[in-house]
Amino acid sequence: MKNKLIIFSYDFPPSNGGIARLCYEIAQGMYSRYDEVIVLTRSKKGPQKPYDKSLFKIKYLPFKRFNCELIAWWYLLTLKNKKNYTLLCGLWHPEAFLALLAGFKKINVLVHGAELISGDSHFRKRFWLGIYAKNLLKGMTIIANSDYTTSLIKKIIPKSNILTLPLAVNQNFFKPSKKTSSKKIIFGTVSRILRFKGHDFILKTLNGLSKNQLSKLEWHVAGTGPYLETLKMKVIELGLEKTVFFHGFIPDQQLVTFYNSLDCFILCTRQTEKSNHVEGFGLVFLEAQSCGVPVIGTKSGGIPSAVKNQNGGWLIEQDSEKELNRLFNKILSNPISLKNQARLARERVLRECTWNMYCEKLRKNI
């Protein structure tokens, strides 16, 4: 008997964050590996993702937090024959905590990176992570999305049961398409526009290029966030309006078109000891590579698990203008290097990074 899988995650479409997308792909991919897949999630407004209702069922919880947690706990508590269920939690708090209170003995939990960092908060370091997370996660199977996230877990629980399982991508959705010809090399970024994402660093490096170099490229920025207006002002101050273009939020169904309009994807996230902002993996890097677009990323957080240097893209030290400037020069003087890396990017995704491969490894370990 394959038994039943419950994916308990507050984050699920129509939410569009990384956890929601991950849980959706797992629900899609696990239907052939279990008798039944059930998603336990909060009810929320927004366009629902179309899916085959024969693949998995969704049980919606109330949106209000207290009612949501009470109903979720009661649902899990009153399930009969818990041993016939495999439980996968989207986060360790509150999902894994509620599952433990409901009497589940074997709990699997996804970890993503940022939730395991204390930043400069003594409360998070000493209590939230040092006591609460440390004791809660003992005995659970922890699924980490990168080597970096695994290292964070080991700092909190040295002898924990960890499965390091880098994320994957839907290679049939994110796929190459014919590009429109352009005289310029088109760079592009898709992310929430927050300062730690490094947009300001890219802009500063672009400003250091010669006028001749700038005339050969464009940088297209997709996304929204609190740093957007500041970034737009910096573009105007530097006189780069003819180089940098903003596209706002791009829905999932239009992302493939955006990626395929690029010659190179770039995202230069940074991390600092005093902040809990970090790129736990960086799924956008895989999405771009799956579309046959080479990528540029930083050796920050879990990005090295998503980007392999010289194998579909390049990795540089965070905030290294010298390295990024050198890379821009290399690409602008030898555009054919992009085509070689584009081929390697797609090949690597097909060889190592599909959701079918991910779900097969996950099924064998939970």
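In this predicted model, helices α3 and α4 lie oblique to each other, because their axes cross at roughly 40° and an angle counts as roughly parallel only under 35 degrees. Helix α3 spans residues 92-101 and helix α4 spans residues 122-136, and their axes come within 10 Å. The crossing in which α3 passes α4 is left-handed.

The residues that bring the two helices together can be named on each side. From α3, the contact involves Trp92, His93, Ala96, Phe97 and Leu100. These meet Trp128, Leu129, Tyr132, Ala133 and Leu136 of α4. Sorted by class, the contact of α3 with α4 comprises nine nonpolar residues and one polar residue, with no charged residues.

Both helices also take part in the lining of the largest pocket, where α3 and α4 each give two or more residues. This pocket holds about 1,200 Å³ of space, and its lining is made up of 43 residues. Gly17, Gly18, Ile19, Lys197 and Glu279 are the lining residues nearest the centre of the pocket.

Further helices supply the lining of the largest pocket. Besides α3 and α4, the elements that give two or more residues are α1 (18-29), α9 (252-260) and α10 (283-290). Helix α1 gives the most, with five residues. By class, the lining of the largest pocket has 20 nonpolar, 14 polar and nine charged residues.

Definitions and conventions: Residues numbered from 1 in each chain as written. Predicted model: local features only at pLDDT ≥ 70, side-chain atom pairs only at ≥ 80, totals over all residues. Heavy atoms only, no water. Axes fitted to C-alpha atoms, helices over the stretch in contact; angles between N-to-C directions. Helix = DSSP H or I, 4+ residues; strand = E, 2+ residues; numbered from the N terminus. Parallel < 35°, antiparallel > 145°, perpendicular 65-115°, else oblique. Left-handed = near helix turned anticlockwise from the far one by under 90°. Contact = heavy atoms within 4.5 Å. Nonpolar A, V, L, I, M, F, W, Y, C, P; charged D, E, K, R; others polar. 1 Å grid on protein atoms, 1.4 Å probe; cavity = no way out; pocket = protein on both sides within 12 Å on 5 of 7 lines; lining within 4 Å. Points joined across faces, edges and corners; volume = space filled by probe spheres on them.
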